[in-house]
Structures are given as C-alpha cells and as structure tokens.
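Student: I have a protein model open and would like to go through it step by step. Could you help me read it?

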Amino acid sequence: MKREVVGSEYYKAGLRNISSMKKIEEYIVPIQSSESLNHVAINDYVERVNVEETPTALSISFLDIKYPLNHFDEIWVYSHFLLDGHHKMFAADKAQKPITLLSFLSIDESFASKKQIDKLFQVLT
C-alpha cells in the first residue's frame with residue numbers, strides 16, 4: 001500500500017513492457033480508506049492467506065493512455081478501483097501474499113482505443 005501526499009492510497013500491482021517504448025503500469029485503488037477497515041477482519045484474512053487460501057476481490061477498471069512520459073512513447077495506466085475486497089487486499093499486502101482480482105474493464109469510459117484495449121488483452125494473457 002502506498003499513500004500519496006494528498007492522502008490517496010493505492011497498490012502497485014504490476015509493470016509490463018509492451019515494447020521497448022511502451023509499458024503498462026497496473027494499480028489497484030481502494031475506494032475505502034485503510035483507517036476505516038476493521039483490523040479483526042484484516043487479521044483473519046492474514047491468517048487465511050498465510051495458510052495458502054487465495055481470496056478474490058472485485059473491481060471496475062479503466063485503461064488510460066499517456067503520451068510521452070519518462071522516456072517512453074506511451075505509458076498505459078491500467079487502474080482497478082476496488083468495489084469489494086478492501087480487507088482481503090489490505091491483508092494480502094500486509095502478508096505479502098497473492099490475491100485474485102475479478103475485474104470488469106469499462107471500455108466506454110476508458111481513455112483508450114479499441115485497438116489499444118485489444119492489445120491490452122493480448123499482453124495480459
């Protein structure tokens with residue numbers, strides 16, 4: 001979990017290269033602050049992920065294409081906004097264990113073309 005100066009929290013979920021000048025940065029953004037989470041529930045999930053249980057969280061996702069940035073022609077920002085699973089995600093991060101994410105990509109609200117979204121699916125699979 002990372003916290004920006006302005007108070008927003010996020011998890012950095014991955015970095016993939018599409019080509020030498022294009023990359024995908026993947027983030028998971030909670031819509032509930034970590035201060036509001038129930039620590040008993042978090043500790044329960046920490047125990048569960050430590051015995052190899054892999055819980056699933058739910059998100060709505062968007063793809064945003066940025067040009068040019070940090071010596072890259074394109075940076076694709078793939079953001080997952082958590083709808084359910086805040087305790088699971090926080091616990092998995094705390095325990096440094098994997099979690100699955102059921103993500104629904106909003107094609108109409110993403111700042112990406114159909115061709116870019118198709119490429120995203122090719123890179124992710």
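Student: What should the 12 residues of helix H1 span, at 1.5 Å a residue?
Tutor: The 12 residues of H1 (residues 39-50) should span 16 Å, and this agrees with the model because the end C-alpha atoms of H1 are 16 Å apart. The expected span is 1.5 Å times one less than the number of residues in the helix. Helices (H or I, at least four residues) and strands (E, at least two) are DSSP runs, numbered from the N terminus.

Student: Where do these numbers come from, and what is left out?
Tutor: This is a predicted model, in which local features need pLDDT of at least 70 and side-chain atom pairs count only at pLDDT 80 or more, while totals for chains, interfaces and linings use all residues. Residues are numbered from 1 along each chain as its sequence is written, and side-chain values use heavy atoms, with hydrogens and water left out.

Student: Which residues of H1 are buried?
Tutor: Ile42, Tyr45, Val46 and Val49 are the buried ones in H1. Buried means under 20% relative accessible area, exposed over 50%, and partly exposed in between (1.4 Å probe, protein chains only). Seen down the axis of H1, the buried residues fall within an arc of 105°, so they line one face of the helix. The arc is that of the directions from the helix axis to the C-beta atoms.

Student: What is on the face of H1 turned away from its buried side?
Tutor: That face carries the exposed residues Val40 and Glu47. The cover over the buried residues of H1 includes helix H2 (86-95).

Student: What happens at the start of H1, and what just after it?
Tutor: At the start, a side-chain oxygen of Asn38 reaches to within 2.7 Å of the backbone nitrogen of Val40. Just after H1, Glu52 takes a positive phi of about 70°.

Student: Let us move to H3. Which of its residues are buried?
Tutor: In H3, Gln116, Ile117 and Leu120 are buried. Viewed down the axis of H3, these buried residues fall within an arc of 100°, so they line one face of the helix. Lys114, Lys115 and Gln122 are exposed on the face turned away from that buried side.

Student: What covers the buried residues of H3?
Tutor: The cover includes strand E3 (22-29), E4, strand E5 (74-84) and E6.

Student: And Ser110, is that buried or exposed?
Tutor: Ser110, found in the loop between E6 and H3, counts as buried because its relative accessibility is 9%.

Student: What does the side chain of Ser110 reach?
Tutor: It reaches the backbone oxygen of Ser106 at 2.6 Å. A polar atom of the Ser110 side chain also lies 3.0 Å from the backbone nitrogen of Leu63. Not counting residues up to four places away in sequence, Ser110 touches Ser61, Phe62, Leu63, Leu105 and Ile117; contact means heavy atoms within 4.5 Å.

Student: How exposed is Ile107?
Tutor: Ile107 is partly exposed, with a relative accessible area of 48%. Ile107 also lies in the loop between strand E6 (100-105) and helix H3 (114-124).

Student: Finally, how many helices and strands are there?
Tutor: The protein has 3 helices and 6 strands, in the pattern β-β-β-α-β-β-α-β-α along the sequence. Of its 125 residues, 38% count as buried.

Note on methods
Polar contact = N/O pair within 3.5 Å; in protein donor to acceptor, adjacent residues only side chain to side chain.
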